[in-house]
Structure formats: C-alpha cells, structure tokens
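This note sets out points for a colleague reading the model alongside its sequence.

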Amino acid sequence: MSLILFAFVVRVRDGLPLSASTDFEHNRELQERKQQLRTASKALARLPDRGTVNGQELNIYFVSSEGVSYMTVCHCSLPVAKAFCFLEDLRWEFTACFNSTVVALAARPYPFLEFDDTIQKLKQQYNQSGGPALEVTLAEVQEDLRVRPPQVINLDEVELSNGLANGHMEQGPGSGQNQRLEPVTAPGILSLVLNIMCASLNVIRGVHLIEYTFQDDYEGVWNVVAFLLAFVCCVLQCHLYLFHSSHKKLKSFALLAVIVLCNLHLLGMRNAWQLLFHIAVASLSTVLILGRKLQDRTNDCGV
C-alpha cells in the first residue's frame with residue numbers, strides 16, 4: 001500500500017500551483033484532503049513554515065522555504081519524520097531544477113509539470129523502501145521535529161482567514177464574485193432560445209396592444225402591463241441562467257410565479273395551448289436555473 005499518495009508544490013505569496021504528482025488514486029478521503037490542501041495553499045503566507053493537517057486515515061504535511069511550499073498527502077501510518085523527510089528531499093530536488101527567479105516569474109498554474117517525473121521517482125523510493133536512503137537524514141529530521149514540532153493547522157480557521165483576507169467571508173451560494181457557473185448545456189441553450197421567443201411574443205403583443213389601449217378607454221391597460229411584465233421576467237430568467245446571483249432559488253421561483261400569474265390574466269387574449277407553452281418554457285427555465293451549479297474553482301488541471 002502506498003503511504004505517500006500526493007505531492008504538491010505551490011508558490012507561497014499567492015498560492016499559485018507550480019507542480020503536482022499525477023493522481024492515480026481516487027478514493028473519497030484523498031479527494032477531500034486534496035481539496036483541503038488547496039484551501040491551505042491559499043493561506044500559506046499567513047501560516048508557519050511547517051505544519052500538519054490531521055485527517056481520519058490521511059494527513060497533510062507541508063514545508064515552506066524561499067517562497068515555495070512543498071505539500072503532501074500521506075497515510076496516517078507513515079511516521080511524521082519520514083513525511084517531512086520526503087518534503088525535504090522534494091525541496092532539494094525542486095530547487096536544483098528551478099531557481100527563485102523562474103518561480104517568481106511564473107504566471108500560469110502548473111508551469112513545471114515536467115517535475116512530476118521527479119516527484120513520482122521520489123514517491124516510489126519512499127513507498128517501496130520506506131524512507132530515505134541516508135539514515136542520518138532521517139535522524140536529523142527527527143531531532144529537528146523534536147526541538148521544533150510542526151504546528152497542527154485548523155482548516156476552519158484557515159478558511160475563515162481566507163475570507164477575511166479577501167475582504168469578505170467564505171463565498172457560498174449567496175456570493176457571485178469571482179465564481180463561475182458550470183458550462184451551458186444543450187437543454188440550457190434550448191431554454192434560452194425559447195425564453196427569447198416568449199419574450200419577443202410578449203413585447204410585440206404588448207406594444208401592439210398599447211396603440212389600441214390609448215385609442216380606447218384604457219380598459220386594456222392591465223393586459224399591456226401583463227404582457228410587458230412577462231417580457232421582463234423572461235429576460236431576467238435568461239440572466240439568472242447565464243450569471244450567478246444571490247438568492248437564486250427565491251428569484252427564480254418569484255419570476256416563475258409572476259409569469260404564471262401574467263399568463264393567467266391573459267386567458268382571454270391567448271388560448272389554452274399558448275398559455276401552456278409560455279408556462280412550460282418558464283418552468284423549464286426555472287429547473288435549469290436551479291440545476292446549474294457553481295463550478296469548482298480548485299481544478300486539478302489534469303494532475
């Protein structure tokens with residue numbers, strides 16, 4: 001069984017991923033630890049230069065040096081000293097390949113993916129032999145850990161500090177800043193086209209009805225309001241589907257309710273099939289709006 005499962009190299013000042021080991025295992029806890037690892041990487045500038053995050057069966061260890069942090073996910077049965085020994089070896093290998101200037105100038109995530117080969121060899125060495133080749137290295141790390149033990153990190157406090165450092169609390173469903181929705185699907189495109197069609201029919205009928213309303217005794221003014229209000233709601237449904245918004249569920253159901261009420265008011269202006277079409281399109285849009293979730297920003301980028 002592999003004891004060192006994942007390794008991650010990240011720039012401290014902004015949490016930019018520099019390199020990572022290829023992920024061959026996909027158990028649930030490993031994915032959770034990788035998510036936590038990326039959360040911690042965003043706060044490295046405020047964390048000590050050495051720390052651990054304890055889990056049920058998998059732990060996270062990290063060491064930061066010269067603006068770069070070396071992080072790993074290991075099985076809890078692996079001795080802490082060997083985990084930090086692995087990180088020290090990883091640090092030596094990385095600094096031998098890339099100088100601080102290259103690291104500082106990196107502008108895109110994972111610019112040193114070729115370093116994965118080195119990480120894999122180092123992981124294989126530790127997983128097969130159980131530790132470094134030189135016992136003196138392990139002894140030195142053990143003594144250093146005894147004198148200066150790593151700090152245990154509370155991820156709840158890290159997530160809170162991330163939110164405060166960005167000028168807001170942790171982003172959830174109520175915040176749309178810097179968040180992307182999942183890609184638009186084929187049913188979503190269909191709903192947008194149908195919504196635009198319904199909006200066009202509503203505004204055309206409403207504008208056309210205005211001419212007769214002002215010529216007569218204003219009895220049809222509420223029909224004009226219903227057509228134009230339904231038009232606005234269709235446009236807002238398109239907006240809600242395309243862009244993230246706070247209180248999305250409340251807004252989507254409110255728009256659906258208004259569209260239904262407007263069409264019921266227009267019962268004398270439209271036949272039953274027309275009403276059913278408009279309400280069905282609005283209902284489909286509501287379902288797709290609620291089903292389009294936020295995209296995970298912590299993308300593994302294939303590693």
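1. In what follows, helix axes are lines fitted to C-alpha atoms over the stretch in contact, and the angles run from 0 to 180 degrees between N-to-C directions. The structure is a predicted model and should be read as such.

2. Overall content. The chain contains 10 helices and 6 strands. Of its 303 residues, 43% are buried.

3. Helices α2 and α4. The axis of α2 (residues 80-97) comes within 11 Å of the axis of α4 (residues 116-129), and the two cross at roughly 150°. Angles over 145 degrees count as roughly antiparallel, and α2 and α4 are therefore roughly antiparallel to each other. Their crossing is right-handed. On the α2 side, the contact is formed by K82, C85, F86, D89, L90 and E93, and on the α4 side by T118, I119, L122, K123 and Y126. Sorted by class, this contact holds 6 nonpolar, 1 polar and 4 charged residues.

4. Length and burial of α2. Helix α2 has 18 residues, and the distance from its first C-alpha to its last is 26 Å, close to the 26 Å expected at 1.5 Å a residue. Its buried residues are A81, A83, F84, C85, F86, L87, D89, L90, R91 and F94. Among them, C85, F86, D89 and L90 also belong to the contact with α4.

5. Helices α8 and α9. What is the relation between α8 (residues 221-242) and α9 (residues 248-265)? Their axes come within 9 Å and cross at roughly 150°, and the two helices are therefore roughly antiparallel to each other. The crossing of α8 with α9 is left-handed. From α8, the contact draws on W222, N223, A226, L229, A230, C233, C234, L236, Q237 and L240; from α9, on K248, K251, S252, L255, L256, V258, I259, C262 and H265. By class, there are 13 nonpolar, 4 polar and 2 charged residues in this contact.

6. Residue K248. Is this residue, K248, buried or exposed? K248 lies in helix α9 and counts as buried, because its relative accessibility is 14% and the cut-off for burial is under 20%. Leaving aside residues up to four places away in sequence, K248 touches L181, L240, I289, L290 and R292. One of these, L290, is 42 residues from K248 in sequence, while the C-alpha atoms of the pair are 7.4 Å apart. Another, L240, is also listed on the α8 side of the contact with α9.

7. Residue S283. This serine, S283, is located in helix α10 (residues 272-291). S283 has a relative accessible area of 29% and is therefore partly exposed. Although S283 and L255 are 28 residues apart along the chain, their C-alpha atoms are separated by 9.9 Å. L255 is itself among the α9 residues in contact with α8.

8. Helix α1. With 14 residues (28-41), α1 should span 20 Å at 1.5 Å a residue, and its end C-alpha atoms are 20 Å apart, which agrees. The buried residues of α1 are E29, L30, R33, K34, L37, R38, T39, A40 and S41. Charged residues are included in this list, namely E29, R33, K34 and R38.

Conventions. Residues are numbered from 1 along each chain as its sequence is written. This is a predicted model: local features need pLDDT of at least 70, side-chain atom pairs count only at pLDDT 80 or more; totals for chains, interfaces and linings use all residues. Side-chain values use heavy atoms; hydrogens and water are left out. Helices (H or I, at least four residues) and strands (E, at least two) are DSSP runs, numbered from the N terminus. Angles under 35 degrees count as roughly parallel, over 145 as roughly antiparallel, 65 to 115 as roughly perpendicular and the rest as oblique. A crossing is left-handed if the near helix is turned anticlockwise from the far one by less than a right angle, and right-handed if clockwise. Contact means heavy atoms within 4.5 Å. The expected span of a helix is 1.5 Å times one less than its number of residues. Buried means under 20% relative accessible area, exposed over 50%, partly exposed in between (1.4 Å probe, protein chains only).
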